[in-house]
Amino acid sequence: MTTDASARAIKPELLRTYTEDFNKDRANLIAADAAVSAGVLKAATDYRGVRALPRDFSIELKQGSITNQERSGRCWMFASLNTLRYELMHRWNLEDFEFSETYLFFWDAMEKSNTYLENVLRTLDEATDSRLFEAINWGPSDDGGWWQMFAALVNKYGLVPKSAYPESENSRNSDDFKQYLNSKLREFAAELRRRSVAGASEDELRALKDEYMGTVYRICAVALGEPPEKFDFFARTKDDAEDDADGKDESCKCEGKSDAKACKCDKNKDKTGKDERPQIREIGITPLEFYKKYVPVDVNDFVTLANAPLKNRPFNRRYRIRFSANVAEAGDMEFVNVPLDVFKKAALDQLTAGHPIWFACDCTQFALRKDGFFDQSVVRVDQLFGTEFTGDKAHGLEYGDSPSNHAMTFTGVNLGEDGKPNRWKVENSWGKDAGKDGYYVMSDAWFDRYVTELIIRKEYLDDSTRALLAAEPVELDPWQPLTRRCR
């Protein structure tokens, strides 16, 4: 490579050529007017692409109210809880339900802090500018995470309804809380390393870590409030009786009988306004008891499937990512990398059976956040800028252009006449004002390109994929593709 500075510079004569070419093309001038006035995404929106993605689905699951992670990076937690609440609502016949995200957020902050300090103790011989230590030190207790982190928290701490531990200002808007928690953790890390150099033993360093965790607890409790050890739970089940126009039960047998005037099927007779729906009531239940009694699925019965077509990540293998745990004793994150056809079939089988799916993707690519579309035919930035975007899934992962950065839930899919999917219904956690009442529609082509992880119940894996769960995992370093936490 030449070291001549003039060879590396943008040449003035080329700039003149660029501007002449730009201004003599009418399409460029129209595109500039639209983009400067309305922004790139609005200017690039193709109404024909929008019309090609209607919001009706041949397979659709009835979910509860849309949730809102607000200004926090808890998408993975919301998507996980949305997956479980669907199962709880339909098991117990509830009209709506929401778990407390703040409850798990508290314990996630505690566990990530502990694991960070443990990882510091594991890497005392690493230079602070080594690639490994930089990966560990990047976000000691940041908000992001994955399904397996969620499962580790649930296994250890259980779950509570939102009424038992509601949102706080620092769970809704977590930046300030996490900024100062992370700063304190890095101070602790520096002191542990300094004490190690000075000759402190492993037992002395771990005792110091335990002392530091008392400060971490205080910070978390001040920011979020202490989590409940026990709580009361109350809910009413749905009234499924369907009445006819006269207010009678459809199964009424009184019609035509001589004593029909005394029919006791009349639902409007002697109504007092009292809510007579059956009740669920628990007094002083613990979070673990609540999880085991009311959630009809085991969080350990799910597997992370990835579709990462990378040469250095062969398909049909099990992988483990070093230093990826949030709960130190729970172990690092694992996934099975499978071809797209296996990946998609598992998703279709689970949705068809009536179960939602946690998934991760790059939510920023060819997406309309406000209008609720994920599709390259809707966001025609290629037409706007006059250039094709040809990178494939492997390119996006290898070059960090489309890493997984958001988790959501599939709650529906539409099958065409050929029985193949053409669009997917997505439940998001950005509130009702994002998308169509909180829901998004995703084209099948976008699924193929940008969805990289699915959480699938083991019963919907094919035999060859299920067999991979017993294989020895290939270990990956924490800075490699598919290691970034969803936010």
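Let's start with strands β5 and β6. Strand β5 covers residues 317-321 and strand β6 covers residues 334-337. They run antiparallel, joined by four bridges. Look at arginine 320: it stands opposite glutamate 334 in β6. Keep in mind that this is a predicted model.

Strand β5 also pairs with β14, residues 474-476. Here the direction is parallel, and the bridges number three. Tyrosine 319 of this pairing stands opposite valine 474 in β14.

Next, strand β13, residues 451-457. How many of its seven residues are buried? Seven of the seven, so the strand is mostly covered, taking under 20% relative accessible area as buried. Two partners to show here. One is β4, residues 302-306, antiparallel to β13 through five bridges. Within that pairing, alanine 306 has glutamate 453 as its bridge partner. The other is β7, residues 357-361, again antiparallel to β13, with three bridges. Phenylalanine 359 stands opposite leucine 454 in β13.

Now step back for the overall picture. The protein has 18 helices and 14 strands. It contains 487 residues, and 49% of them are buried. Along the principal axes, the C-alpha atoms fill a box of roughly 105 × 70 × 45 Å.

On to the aromatics. A search of the whole structure gives 29 aromatic pairs. Take tyrosine 103 and tyrosine 165. Their ring centres are 6.4 Å apart and the planes meet at 80°, so this pair is edge-to-face. What does the pair tie together? Tyrosine 103 is in helix α7, residues 101-122, while tyrosine 165 is in the loop between α9 (147-157) and α10 (169-172), so the contact ties together parts 62 residues apart in sequence. Both tyrosine 103 and tyrosine 165 are buried.

A second pair is tryptophan 446 with tyrosine 450. This one is tilted: 5.0 Å centre to centre, with 45° between the planes. Both residues lie in helix α17, residues 444-450. They are four residues apart, about one turn of the helix.

Ring pairs link Trp92, Phe97, Phe99, Phe231, Phe233, Phe290 and Tyr294.

Arginine 74 lies over the face of phenylalanine 105, at 5.4 Å from the ring centre. Arginine 369 puts its charged end over the ring of tryptophan 430, at 3.7 Å from the centre.

Last stop, the surface. Which residues make the nonpolar patch of about 410 Å²? They are Ile10, Leu14, Leu15 and Tyr18. Focus on leucine 15. It sits in helix α2, residues 12-23. Its relative accessible area is 46%, so leucine 15 is partly exposed.

To recap, briefly. Strand β13 pairs antiparallel with β4 and with β7. Strand β5 runs antiparallel to β6 but parallel to β14. The tyrosine 103 and tyrosine 165 pair is edge-to-face, and the tryptophan 446 and tyrosine 450 pair is tilted.

Key
Residues are numbered from 1 along each chain as its sequence is written. This is a predicted model: local features need pLDDT of at least 70, side-chain atom pairs count only at pLDDT 80 or more; totals for chains, interfaces and linings use all residues. Side-chain values use heavy atoms; hydrogens and water are left out. Patches are made of residues with over 30% relative accessible area and no salt bridge: like charges are joined within 9 Å, nonpolar side chains (Val, Leu, Ile, Met, Phe, Trp, Tyr) within 5 Å. Accessible areas come from the Shrake-Rupley method with a 1.4 Å probe; for residues, only the protein chains shown count as cover. A salt bridge is a side-chain nitrogen of Lys or Arg within 4 Å of a carboxyl oxygen of Asp or Glu. Helices (H or I, at least four residues) and strands (E, at least two) are DSSP runs, numbered from the N terminus. Buried means under 20% relative accessible area, exposed over 50%, partly exposed in between (1.4 Å probe, protein chains only). Rings of Phe, Tyr and Trp (its six-membered ring) pair if their centres lie within 6.5 Å; planes under 30 degrees apart count as stacked, over 60 as edge-to-face and the rest as tilted. A charge sits over a ring if NZ of Lys or CZ of Arg is within 6 Å of the ring centre and within 35 degrees of the ring normal. Two strands pair if DSSP finds at least two bridges between them.
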